[in-house]
Amino acid sequence: MADRILVTTDDLEHAVRINAQLEAAGFDTAMVSSFDDVRQAVRGRALPPDCIILTGGLHETPAQQLLTSARDHAISTLGLVESTEQDPKGLARELGLTAWLAKPADPQEVVNTTRRLIERRKLQQRTGILGESAPIQEVLVKIEQMAPVTSTVLIEGESGTGKELVAKGIHDLSPRRAKPFIAVNCAALPETLLESELFGHEKGSFTGAAERRLGRFELADGGTIFLDEVGECPPATQVKLLRVLEDRTFFRVGGIQPIKVDVRVIAATNRSLKDAVALGQFRDDLFYRLNVLAIYLPPLRERRSDIPLLVRRFIAEFAAQHERQFKGITPEALEILIEADWPGNVRQLRNLIESMVVLAPEGEIRAADIPRDIRERGGARALPVRISSTSRDVAGQEVEFILRSLVELKLQIEELRRRIEERPAQRVEMIEVGGGAHTVDPLDAEPAAEEAGGGAVIYQSGMTMADVERAAIEATLKDTRGNRRKAAEVLGIGERTLYRKLKEYQLA
């Protein structure tokens with residue numbers, strides 16, 4: 001079945017030429033005359049489009065609403081940016097476009113870019129790497145670039161960000177896709193077994209070795225081996241790993257014959273190997289061998305715009321798995337999840353969604369169904385900090401004391417912040433939205449208001465907190481010239497929260 005493309009006709013000349021080139025390339029295309037038609041096509045077609053090409057009108061509100069809808073439905077978007085645009089890359093990032101091209105756009109280049117976006121979407125479906133944000137799109141681009149070669153790859157990212165999914169994606173796109181993909185968690189095996197697990201052993205090489213056993217490197221011959229948490233390897237194993245990376249040969253435990261393998265190595269770590277090298281915990285020569293190609297996986301808090309997509313995907317998955325009739329999630333509950341800190345990243349979010357799908361009494365996730373520590377946000381930041389044994393070995397009890405003191409200080413700061421936020425305001429002088437801050441006496445509020453202008457919001461006697469909030473939103477929208485995304489960032493709230501406030505205060 002041909003891939004389905006929608007082309008908006010804001011710029012009719014470009015739309016006609018691009019549509020003809022797409023049809024010639026074998027795509028199933030449709031030209032739509034308004035953004036309302038596109039939204040209807042996105043929501044109403046039995047098979048949603050694989051990509052939407054916006055030929056113009058990117059600064060208009062309908063375009064922004066369309067792009068939000070496309071992100072929620074995991075549809076790739078390609079925007080054609082005017083040649084007069086001063087910062088096209090910044091505009092694309094602000095709007096959430098999957099990709100962009102400057103006008104006048106060559107129709108063949110549009111076809112090639114569209115094909116790449118669709119292939120990237122299929123890669124996401126195959127590997128489970130979900131997200132429309134710029135950081136995740138950069139990761140997908142790197143996967144495409146690194147897959148065809150045989151160089152070693154180092155993936156860095158916090159626990160729960162999906163490092164193994166990235167490794168599998170590289171393998172699935174590589175010429176080795178038909179060969180084995182072998183994953184090893186180096187932190188899950190004790191030092192006495194790790195070497196045997198990686199390189200195998202000969203019969204009788206140690207007590208209990210009743211027969212010869214092939215190691216993971218031999219099993220991965222011709223394919224890819226994924227070394228997860230490689231930073232936890234003991235020094236003796238690091239030496240042998242270095243030899244394998246240098247000449248692709250090793251000895252089984254108790255063996256005397258060298259074994260040569262053709263294997264690609266992908267390593268991952270949830271801590272900085274550079275810091276480990278500086279502390280003497282990791283060999284610098286091994287680090288340089290592993291760090292030929294590098295991918296950084298961002299934590300979930302750095303790509304909050306992906307959370308609605310992830311939530312909806314997980315709800316659908318677990319509702320089907322547990323055979324539950326499930327309506328979805330309320331806007332209030334979704335906003336809480338977007339604003340949470342997620343120290344456990346996607347894994348934590350996924351597990352939480354499964355528990356709520358099973359336990360939510362109304363067949364819908366509501367704010368009250370979300371655990372208290374997530375609702376209060378501080379609970380997520382106050383999770384225990386793991387202090388590794390290597391840190392204690394290197395710096396002794398002093399390091400442990402310092403780390404524990406920092407954790408206690410962090411908890412005290414969070415508690416102090418919570419108390420300040422819950423404390424009723426005694427005297428509000430000025431809320432600064434933009435520009436320089438200066439103190440205003442409440443008795444002189446009216447003259448000061450005339451001088452402040454811009455984004456300053458002056459408290460006047462008798463104003464409620466709702467009045468102050470409304471004034472802050474109005475001033476911020478004025479400063480950002482009506483750009484709601486920027487206004488939400490300045491105010492420090494989610495975009496959905498801003499939309500709800502605009503409706504509540506009748507500012508829309």
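These legends walk you through close-up views of a predicted model.

**View 1. Two phenylalanine rings form a tilted pair.** The structure holds five aromatic pairs, and this view shows the one made by phenylalanine 217 and phenylalanine 250. The ring centres are 6.2 Å apart and the planes meet at 50°, so the pair counts as tilted. Look at where the partners come from: phenylalanine 217 belongs to helix α9 (residues 216–219), while phenylalanine 250 belongs to strand β11 (residues 249–250). The pair therefore ties together parts that are 33 residues apart in sequence.

View 2. Are phenylalanine 217 and phenylalanine 250 buried or exposed? Phenylalanine 217 has a relative accessible area of 1% and is buried. Phenylalanine 250 is buried too, with a relative accessible area of 3%. Together with Phe199, Phe217 and Phe250 form one aromatic cluster.

**View 3. An open sheet of five strands.** Follow the strands across the sheet and you will meet them in the order β7-β10-β13-β6-β14, with parallel pairing. At the edges stand β7 (181–185) and β14 (293–297); each has a single partner strand, so one side of each is left without a neighbour in the sheet. On average, neighbouring strands of this sheet are turned by 15° against each other, direction ignored.

**View 4. Strands β10 and β13 side by side.** How many bridges join strand β10 to strand β13? There are four, linking residues 224–228 of β10 with residues 264–269 of β13, and the two strands run parallel.

Methods
Residues are numbered from 1 along each chain as its sequence is written. This is a predicted model: local features need pLDDT of at least 70, side-chain atom pairs count only at pLDDT 80 or more; totals for chains, interfaces and linings use all residues. Side-chain values use heavy atoms; hydrogens and water are left out. Rings of Phe, Tyr and Trp (its six-membered ring) pair if their centres lie within 6.5 Å; planes under 30 degrees apart count as stacked, over 60 as edge-to-face and the rest as tilted. Buried means under 20% relative accessible area, exposed over 50%, partly exposed in between (1.4 Å probe, protein chains only). Two strands pair if DSSP finds at least two bridges between them. Axes are lines fitted to C-alpha atoms, for helices over the stretch in contact, and angles run from 0 to 180 degrees between N-to-C directions.
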